[in-house]
Amino acid sequence: SLFGFLLLVSSSLSPYALALSDPNCNSAQYRTDYQKKIYETFQAQGQPFTFESAKDRYGRTLNLSAIKFIHPDSKGTVVVLEGRTEPWLKYLEVFYDLYQQGYSIYSYDHRGQGLSPHLSGKNGEIGHVDRFSDYTKDLELFMSKVVIPQNTTKSKIFMLAHSMGGAIAADYLERNKNTGISAVALSSPMMKINTAPYPQWIARLIVSISKDLGQGDQYGKGQTNYPVEEYLKNQSDPNKFTTCVDRFWMTNWIYFKNQKTLLGGPSNNWVNQSMKETKYIRANANKVELPLLMLSASDSNDSWVKPAAELEFCKNAKNCIQIPEFQTSKHEILMENDVVRDYALNSIVKFFAAH
């Protein structure tokens with residue numbers, strides 16, 4: 001029950017050792033420690049690899065970039081699915097914290113982003129996909145061909161998914177009953193995209209017409225390349241992602257250092273496909289039977305997705321708990337200030353331990 005889980009979390013929430021402590025979220029020490037302790041040291045322990053994607057509608061496959069961190073005394077495996085634009089490199093601090101708790105980690109870059117091949121023939125920074133179902137089929141292969149076969153100790157497998165990764169995870173759970181997963185945590189999952197300043201029906205009309213005009217792999221209306229240099233110069237300016245200046249710096253430092261991962265706004269077809277697929281995901285929430293933990297920001301603070309749709313999904317799923325403590329957080333709960341981020345990670349770890 002919700003009460004039982006919240007009691008479990010609140011009674012045992014003495015913070016564990018996180019990778020970096022940054023109470024003010026704006027310090028030179030965090031940035032130095034991140035570069036030395038996280039990016040250089042822990043990245044060296046990771047095992048990068050590639051795996052073959054699902055076939056697209058033309059029968060083509062891609063080599064998708066992936067990473068794994070195998071704990072010598074692993075008590076379980078966490079599969080981490082990133083949001084749109086994000087490379088697995090951005091999650092090294094999250095990986096470190098989960099590893100410190102005894103978990104092995106697997107993650108990969110979705111097709112069209114990160115270190116995986118980008119898909120728009122017009123501009124490599126356009127976030128493009130042909131079919132949303134390609135994302136889900138890639139995850140099916142990652143689980144069946146990589147994660148499950150390599151889990152030789154038969155330890156429990158968990159999933160942690162953010163934003164677009166949350167939509168992919170939900171779609172995967174709805175379409176597959178025997179996943180081998182014990183529990184799933186969703187951070188600001190993309191159950192409905194925010195199409196502001198346009199109402200949903202107008203946005204759908206715009207991208208449909210653009211697609212029919214042969215502009216499916218071009219930027220959607222008002223979308224541009226990612227302004228990484230501008231963000232690096234103006235770290236203290238308010239942004240849409242997180243209230244934490246240092247973790248916003250970390251994101252842009254990663255992109256600047258690994259410019260192949262740069263991704264701007266989405267294509268017309270990505271928007272069109274995502275609107276269709278998230279409608280399907282919401283309508284089929286009752287097919288999800290696994291234990292779910294939903295971490296949501298507030299409608300006023302999340303400018304990328306619609307938290308109300310997350311609540312709707314959680315109510316309709318058969319075994320979902322939503323934690324309401326993230327009302328001060330922006331979209332990227334796992335990249336937030338220490339108070340928010342520590343509570344989120346503690347809640348996730350306790351939830352996995354309970355299942």
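**Disulfides, rings and a helix crossing**

About the S-S bond of cysteine 314 and cysteine 320 the torsion is about -100°, so this disulfide is left-handed. The model on the screen is a predicted one, and the values I give are computed from it.

Let me stay with that bond for a moment. The sulfur atoms of cysteine 314 and cysteine 320 are 2.0 Å apart.

How many disulfides does the count come to? It comes to two. The other bond I want to show joins cysteine 25 to cysteine 244, with an S to S distance of 1.8 Å. Its torsion about the S-S bond is about -95°, so the disulfide of cysteine 25 and cysteine 244 is left-handed. Where do these two cysteines sit in the chain? Cysteine 25 is in the loop between helix 1 (2-11) and helix 2 (28-45). Cysteine 244 is in the loop between helix 7 (228-233) and helix 8 (245-257). Are they buried or exposed? Cysteine 25 has 5% relative accessibility and counts as buried, and cysteine 244, at 0%, is buried as well. If you count the bonded cysteines along the chain, the disulfide pattern reads 1-2, 3-4.

Now to the rings. A pair of aromatic rings is described by the distance of the centres and the angle of the planes. Searching the whole structure gives 26 aromatic pairs. One of them is tyrosine 103 with phenylalanine 352: the centres are 6.3 Å apart and the planes are at 75°, an edge-to-face pair. Tyrosine 103 belongs to strand 4 (residues 103-108) and phenylalanine 352 to helix 11 (residues 338-353), so this contact ties together parts that lie 249 residues apart in sequence. What about burial? Tyrosine 103 is at 3% relative accessibility, so it counts as buried. Phenylalanine 352 has a relative accessible area of 1% and is buried.

A further pair is formed by tyrosine 226 and tyrosine 231. Here the ring centres are 5.3 Å apart and the planes make an angle of 65°; the cut-off for edge-to-face is over 60 degrees, so the pair falls in that class. Tyrosine 226 is buried, with a relative accessible area of 14%, whereas tyrosine 231, at 22%, is partly exposed. The cut-off for buried is under 20%, which is why the two tyrosines get separate labels.

Some rings go beyond pairs. Phe42, Phe69, Tyr91, Phe95, Tyr96 and Tyr99 are linked by ring pairs into a cluster.

Two lysines come next. Lysine 68 has its charged end over the ring of phenylalanine 49, at 5.5 Å from the ring centre. For lysine 240, the ring is that of tryptophan 304: the lysine lies over its face, and the distance to the ring centre is 5.7 Å.

Last, back to helix 11, which holds phenylalanine 352. How do the axes of helix 3 and helix 11 cross? Helix 3 covers residues 92-100, and its axis comes within 11 Å of the axis of helix 11, crossing at roughly 45°. That angle makes helix 3 oblique to helix 11. The crossing of these two helices is right-handed.

Definitions and conventions. Residues are numbered from 1 along each chain as its sequence is written. This is a predicted model: local features need pLDDT of at least 70, side-chain atom pairs count only at pLDDT 80 or more; totals for chains, interfaces and linings use all residues. Side-chain values use heavy atoms; hydrogens and water are left out. Rings of Phe, Tyr and Trp (its six-membered ring) pair if their centres lie within 6.5 Å; planes under 30 degrees apart count as stacked, over 60 as edge-to-face and the rest as tilted. Helices (H or I, at least four residues) and strands (E, at least two) are DSSP runs, numbered from the N terminus. Buried means under 20% relative accessible area, exposed over 50%, partly exposed in between (1.4 Å probe, protein chains only). A charge sits over a ring if NZ of Lys or CZ of Arg is within 6 Å of the ring centre and within 35 degrees of the ring normal. A disulfide is a pair of cysteine sulfur atoms within 2.5 Å. Axes are lines fitted to C-alpha atoms, for helices over the stretch in contact, and angles run from 0 to 180 degrees between N-to-C directions. Angles under 35 degrees count as roughly parallel, over 145 as roughly antiparallel, 65 to 115 as roughly perpendicular and the rest as oblique. A crossing is left-handed if the near helix is turned anticlockwise from the far one by less than a right angle, and right-handed if clockwise.
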